[in-house]
Amino acid sequence: SQESYVLNVSKSVKSEFTYNIGDTIEITAKKQNYHSNTIVIKPENDENYKIYISCPCSGIPTVTDYDGNIYNTVQIGNQCWMKENMNTTHYADGTEMLDGTGVEDWAGTYLSSKYYFNYNDNPANSVKCGKLYTWAATINGYVTDNYELEHGVRKGICPDGWHIPSDEEWLELEMYVDDSITLPDFSGQRGFDVGIKLKSCMFWQDSIPNTNMYGFSIIPCGKKTYSYLSHTYDFSELNAYSAFWTSTANGGGGFFRSFSLNSTKSSRGSTNPSHGYSVRCIKD
């Protein structure tokens, strides 16, 4: 094993079946007490393929939110992450968030409104992707003081014992899987293959195949963005883009991480707090 969470064992598996050149097949690797991983390939003669499987956090294979949604966990270095995006409509104490279905014009209340969205206002999209949340919903309040965020309110929408990862915690993840990231404060495209290693092998249809090497399993769930000019919301980039809020504020907005179709990298920036992005939680 490699660091006890990524199984790194070469195994020859031979199976005879008929296929035509150009056919697509799906291969899933499984091991007891590990997360499975699936790749989709067009096999060639004598070609070798690697499938990585990952390990849940020790003693915490799953975690449940207030709504009863169950999330798998994954151990990556010293960090314990949720393997899926948050899908809750309540905070851990039972307080209800605002349903953003049909919301277009916030009449100036967008900074502090705790909205969640189903992509395209269709709850079926949240089954796979989880929901999209505004900054205020994510943090459970419009907070721009990073000391307060780090020492008090960063729990946000996460269950008890978990919190919204900071910009620094996202950096630790990035640097762990891609040691080419050496400028932590650099915004924009980052790294060499961090995107390949963190994105799911499914759903992206990238020209460069992803490996999901560490089991983080990012899928392209799109976003909902607010326009200051038109005062309207627009959904976009389902199946091509995924963005995650951090718990670190910057200039009245929040830092985020994003991953794009056919990009091997991650992207760091800060943006309008009224946008709807995905959320992952990390263990306290």
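## Ground rules

Buried here means under 20% relative accessible area, with exposed over 50% and partly exposed in between (1.4 Å probe, protein chains only). This is a predicted model, where local features need pLDDT of at least 70 and side-chain atom pairs count only at pLDDT 80 or more, while totals for chains, interfaces and linings use all residues. Residues are numbered from 1 along each chain as its sequence is written, and side-chain values use heavy atoms, leaving out hydrogens and water.

## Three disulfides

A search of the whole structure turns up three disulfides, a disulfide being a pair of cysteine sulfur atoms within 2.5 Å. Counting bonded cysteines along the chain, the pattern is 1-2, 3-5, 4-6.

Let's start with cysteine 57 and cysteine 80, whose sulfurs sit 2.0 Å apart. Their link is right-handed, with 110° about the S-S bond. It runs from the loop between β2 (37-41) and β3 (62-64) to strand β5, across 23 residues; helices (H or I, at least four residues) and strands (E, at least two) are DSSP runs numbered from the N terminus.

Next up, cysteine 129 pairs with cysteine 221 at 2.3 Å S to S, and this one is left-handed at -90°. Cysteine 129 is in helix α1 (residues 124-129) and cysteine 221 in strand β11 (residues 221-226), so the bond ties together parts 92 residues apart in sequence. Cysteine 221 counts as buried because its relative accessibility is 1%; for cysteine 129 the value is 5%, so that residue counts as buried too.

Then there's cysteine 158 with cysteine 281, at 2.2 Å between sulfurs. The S-S torsion is about -95°, so this disulfide is left-handed. Both cysteine 158 and cysteine 281 are buried.

Cysteine 55 is in no disulfide, and the nearest cysteine sulfur, on cysteine 57, is 8.2 Å away. For cysteine 201, the closest cysteine sulfur is that of cysteine 221 at 15 Å, too far for a bond.

## Nonpolar cores

A nonpolar core is a set of buried Ala, Val, Leu, Ile, Met, Phe, Trp, Tyr and Cys residues joined through side-chain atoms within 4.5 Å. The largest one has 27 residues, and Met82, Met86, Met97, Tyr133, Ile157, Trp162 and Val279 touch the most other members. β13 contributes the most, with four residues.

Zooming in on isoleucine 157 and skipping neighbours within four places in sequence, its contacts (heavy atoms within 4.5 Å) include Met86, Tyr133 and Val279. Apart from this core lies another of 19 residues, among them Tyr52 and Leu171.
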